[in-house]
Amino acid sequence: MREDDHISREQCDRSAHYRSVHGSSSRNPAPHPLSPCRRERGPLRRRPSFKRRWQQRSWWVRLLLSLLLALACVLLLAVLLGSPDPDTSPSTSTASSGSEVTSSPLLSQILDYVGAFIMPCGNCFYRVKGQEDLCESFFMYNRAKGTLYDGETRLFLRGNGKPVYMYSMGGLAEYCVVPANALAVLPDSLPYTESEILGCVVFTSYGALRHAAEMRPSDSVAVIGVGGVGSSFICNCLQIAKAFGASQVIAVDVLDEKLQNATTLGATHTVNAANDDAVERIKEITDGRGVDVAIEALGKALTFSQCAKSVRDGGKAVMIGLAATNVMGEVDITHLVRRQVKIIGSYGARARQDLHQIVKLAESGAFNLQNTISRKCKFEEANGAYEDLNHGKIVGRAVVEIME
Ligand SMILES: [Zn+2]
């Protein structure tokens with residue numbers, strides 16, 4: 001189309017609009033003499049009514065338009081009827097000690113749920129950044145003060161009604177309130193008590209490999225955790241690494257018993273760090289390069305250093321073991337810079353996206369849940385279990401069962 005054609009079409013449209021508003025009159029601007037509308041359509045005529053145009057359409061066009069209109073009405077009705085009641089928003093849903101959840105439009109059925117120990121608010125700066133494991137509200141209110149995100153606790157002693165402030169859910173309470181963001185439905189196919197670890201140790205291991213290490217199939221993975229607390233992380237990191245398609249899975253520990261267990265859980269190699277230099281052995285196993293991903297699960301200066309030295313050039317050393325306050329770890333700065341080694345901290349995972357995936361993995365048989373639980377206690381035995389934990393007598397995971 002030429003430029004003057006374009007101008008004349010605009011003029012034609014303007015004059016047609018003027019006529020539709022003011023009717024035909026001598027004041028109406030005359031169409032441009034070279035207007036394409038004029039040339040194509042001939043003399044101007046009044047636009048037919050909607051009813052007339054509807055009758056002129058073929059029967060199948062009318063049928064299609066009618067169906068589309070009906071569908072739009074049904075969808076609008078569904079949206080209106082399904083709008084959540086603001087008084088029962090998901091962030092204030094009521095939960096029992098894990099067996100029942102009510103009072104939420106999202107969680108309106110009585111089902112078993114598993115909860116993650118990081119409960120994202122779903123509204124903060126880190127939610128926008130896609131890092132809900134750093135949720136500001138969780139750390140500001142629940143981690144620091146033991147409250148939910150309105151600054152209040154929902155836990156009270158049964159006898160005197162005194163408030164209880166509790167980090168991450170309800171501890172040993174029979175009933176507690178948790179944000180729905182931190183829950184995933186527990187299917188009947190998974191065991192109730194043993195699945196407790198899905199939102200804790202498995203959650204932590206999954207976050208380390210999925211987000212911190214960004215593990216890919218065929219990666220080689222070493223998990224360094226020397227006995228004690230680190231052992232349960234080893235078990236789960238091994239199983240998740242295997243589920244993610246790791247080519248080599250190397251378990252490092254000082255107890256042969258733990259290493260044998262690691263082999264049954266999918267470790268392709270084991271290193272007893274009490275007998276061998278862990279870093280040298282890892283390099284031997286990986287043709288001198290080091291692993292793609294190394295996980296440190298104990299939080300000690302020695303294993304921190306071993307983890308950083310165990311990765312290949314450009315590899316990722318992921319730290320998930322918590323240390324005592326002010327414990328420092330050493331790293332060879334020049335090696336880190338020249339060889340592009342990445343040292344990454346990881347704490348938990350992203351509940352809303354990860355917990356459902358973890359449950360699916362568990363359903364697929366990726367985890368040996370029974371093997372990770374080293375002790376089950378009754379509610380009356382809880383104090384003794386905490387004593388044993390303080391004295392390092394619990395290796396693996398202990399679970400307190402509160403059954404009615
Ligand atoms: Zn948040």
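**A parallel sheet and the helices around it**

Leaving aside residues up to four places away in sequence, Ser247 is in contact with Ser218, Asp219 and Ser220. The model described here is predicted. Ser247 belongs to the loop that joins helix 8 (228-243) to strand 9. With 14 other C-beta atoms within 10 Å, Ser247 counts as partly exposed. The C-alpha atom of Ser247 is separated by 7.3 Å from that of Pro217, although the two residues are 30 residues apart along the chain.

One of the residues touched by Ser247 is Ser218, which sits in the loop between helix 7 and strand 8. Ser218 is exposed, having 11 other C-beta atoms within 10 Å; a count of 12 or fewer places a residue in that class. The backbone of Ser218 has a positive phi, near 80°, in a residue other than glycine. As background, most residues other than glycine have a negative phi.

How many residues of strand 8 (residues 220-224) are buried? Five of its five residues are, and the strand is therefore described as mostly covered, a residue being buried when 20 or more other C-beta atoms lie within 10 Å of its own. The cover extends to both faces of strand 8: Ser220, Ala222 and Ile224 are buried on one side, and Val221 and Val223 are buried on the other.

Strand 8 also has a partner strand in each of two pairings. With strand 9 (residues 248-253) it forms five bridges in the parallel sense. Within this pairing, Ala222 has Ile250 as its bridge partner, and Val223 has Ala251. With strand 11 (residues 291-296), strand 8 forms four bridges, again in the parallel sense. Here Val221 stands opposite Val293 of strand 11.

These pairings belong to a wider arrangement. Six strands make up an open sheet with parallel pairing, and their order is 10-9-8-11-12-13. The edges are taken by strand 10 (269-272) and strand 13 (342-345); each has a single partner strand, so one side of each lacks a neighbour in the sheet. On average, and with direction ignored, neighbouring strands of this sheet are turned by 20° against each other. In general terms, strands of a sheet pair through backbone hydrogen bonds.

Helix 11 (residues 301-310) lies across several of these strands, namely strand 8, strand 11, strand 12 (311-319) and strand 13. Relative to strand 11, helix 11 runs at about 170°. Helix 11 also packs against helix 10 (residues 278-285), at an angle of about 20° and with the two axes 9 Å apart. That angle makes helix 10 roughly parallel to helix 11, the limit for this description being angles under 35 degrees. The crossing of helix 10 and helix 11 is right-handed. Where they meet, Ala278, Val279 and Ile282 come from helix 10, while Gln306, Lys309 and Ser310 come from helix 11.

A second pair of helices shows another geometry. At what angle do helix 7 and helix 13 (residues 351-363) pack? The angle is about 110°, with their axes 10 Å apart, and the two helices are therefore roughly perpendicular to each other. On the side of helix 7, Val202, Phe203, Tyr206, Gly207 and Arg210 take part in the contact, and they meet Asp354, Leu355 and Ile358 in helix 13. As a general point, residues three or four places apart in an α-helix point the same way, because there are 3.6 residues a turn.

Helix 7 (residues 201-212) has 12 residues, which should span 16 Å at 1.5 Å a residue; its end C-alpha atoms are 16 Å apart, in agreement with that expectation. Since 11 of the 12 residues of helix 7 are buried, the helix is largely enclosed by the rest of the structure. Among the buried residues are Val202, Phe203, Tyr206 and Gly207, which also meet helix 13. Helix 7 is followed by Glu214, a residue with positive phi, near 45°.

Asn326 is a residue other than glycine with a positive phi, near 70°. Asn326 is exposed, with 5 other C-beta atoms within 10 Å.

Conventions
Residues are numbered from 1 along each chain as its sequence is written. This is a predicted model: local features need pLDDT of at least 70, side-chain atom pairs count only at pLDDT 80 or more; totals for chains, interfaces and linings use all residues. Two strands pair if DSSP finds at least two bridges between them. The expected span of a helix is 1.5 Å times one less than its number of residues. Axes are lines fitted to C-alpha atoms, for helices over the stretch in contact, and angles run from 0 to 180 degrees between N-to-C directions. Angles under 35 degrees count as roughly parallel, over 145 as roughly antiparallel, 65 to 115 as roughly perpendicular and the rest as oblique. A crossing is left-handed if the near helix is turned anticlockwise from the far one by less than a right angle, and right-handed if clockwise. Two residues are in contact if their C-beta atoms, placed from the backbone, lie within 7 Å.
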